[in-house]
Amino acid sequence: MAVTTKATIASFGGKLLKCAHNASTTNCEMAFNLYLPPQATINPLHKVPLLIYLAGLTCTGDNGAEKGFFQHAASQKGIAVLYPDTSPRGLKIQGEDDSYDFGSGAGFYIDATKEPWSKGYKMYSYITSELPQTVFSAFEQVDGSRVSIFGHSMGGHGALTIFLKNPHKYKSVSAFAPIANPSNCDWGKKAFGGYFGDEDKAKWAEHDATELVKKWNGDENPLDILIDVGTSDNFYKQGQLLPENFEKAAQGKGKVNVRWQDGYDHSYFTMATFADDHVNHAARYLLG
């Protein structure tokens, strides 16, 4: 679980680290970015909470770190930000590089059960267990008891489902343009059918935020979820995101704040615009 730091980049007073490690869950070397705010770099004994950003289809850990501008608010609040990759790389599985929405760059943050994908496409276990344990071991200034999660598109799906499946592991969740009901959109049907099999619909429901939120006990643990969706998001218009299904299913479970951002699309320009809001949303729970 040793981590290799391949580059260190100054960013908003802190340091953005380009890292890699050999992962047992995915059977390959995995790259990630880790932003350490100035509070952690000036005083290595100062513990900072962690915000995990899950990226969307085709992305790596570099996209959010270099285009999301999450470090701006994270540096002010004293929060570390972890940017994982979106899938295993180079497993030499036939077909893994054939399309943008399945295989490489499209791990969907699940543990595949269908061969041959079950040999390494274990992104759920990687994100929820192996990667954070690796980071907490290698970077003692990151506080493993204070962790939040958020993401974009496929990563928004990952953030919502991982939070809903692990309510005591994460302090908060938010999302940009999440694939909020994957069982009912083309992206999700392709991914779940390929990784789980078309017949295992129960497994699909275990990784569908709209299905998971129906079982949430809002009386004991009321939700507080921030979601931003652009009105000019073509993937929303194509029916790939379906946030309205999630919002409806979450009624009575707490607060689900879906903000429709006029004229904004599915790109990192949208995320950069509202980045501070999402970091500040997490900060209320990580620093409270």
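A cavity is defined, on a 1 Å grid over the protein atoms alone, as a set of points where a 1.4 Å probe fits but cannot get out, while a pocket is an open set with protein on both sides within 12 Å along at least five of seven lines, and lining residues have an atom within 4 Å of a point. Grid points are joined across faces, edges and corners, and a volume is the space filled by probe spheres set on the points. The model examined here is predicted, so that local features need pLDDT of at least 70 and side-chain atom pairs count only at pLDDT 80 or more, whereas totals for chains, interfaces and linings use all residues. Residues are numbered from 1 along each chain as its sequence is written, and side-chain values use heavy atoms, with hydrogens and water left out.

The structure holds 1 cavity of 30 Å³ or more, and the volume of the largest cavity is about 30 Å³. Its lining is made up of H152, F176, A177, D228, G230, D233, D265, H266, S267, T270 and M271. Two or more of the lining residues are given by each of β8 (223-230) and α11 (268-286), where helices (H or I, at least four residues) and strands (E, at least two) are DSSP runs numbered from the N terminus. The lining comprises 3 nonpolar, 5 polar and 3 charged residues, with Ala, Val, Leu, Ile, Met, Phe, Trp, Tyr, Cys and Pro counted as nonpolar, Asp, Glu, Lys and Arg as charged, and the others, Gly among them, as polar.

The largest pocket contains about 160 Å³ of space, and the residues that line this pocket include H152 and H266, both of which also line the largest cavity. In the pocket lining, 6 residues are nonpolar, 5 are polar and none is charged.

Across the whole structure, 17 aromatic pairs are found, a pair being rings of Phe, Tyr and Trp (its six-membered ring) with centres within 6.5 Å, termed stacked if the planes are under 30 degrees apart, edge-to-face if over 60 and tilted otherwise. The rings of F102 and Y195 are stacked, at 4.4 Å centre to centre with 25° between the planes. This pair joins distant parts of the chain, 93 residues apart, with F102 in the loop between β5 (80-84) and α4 (123-138) and Y195 in helix α6 (residues 186-196). Both F102 and Y195 are buried, that is, under 20% relative accessible area, as against over 50% for exposed and in between for partly exposed (1.4 Å probe, protein chains only). Ring pairs also link Y53, F70, Y83, F150 and F176 into a cluster.
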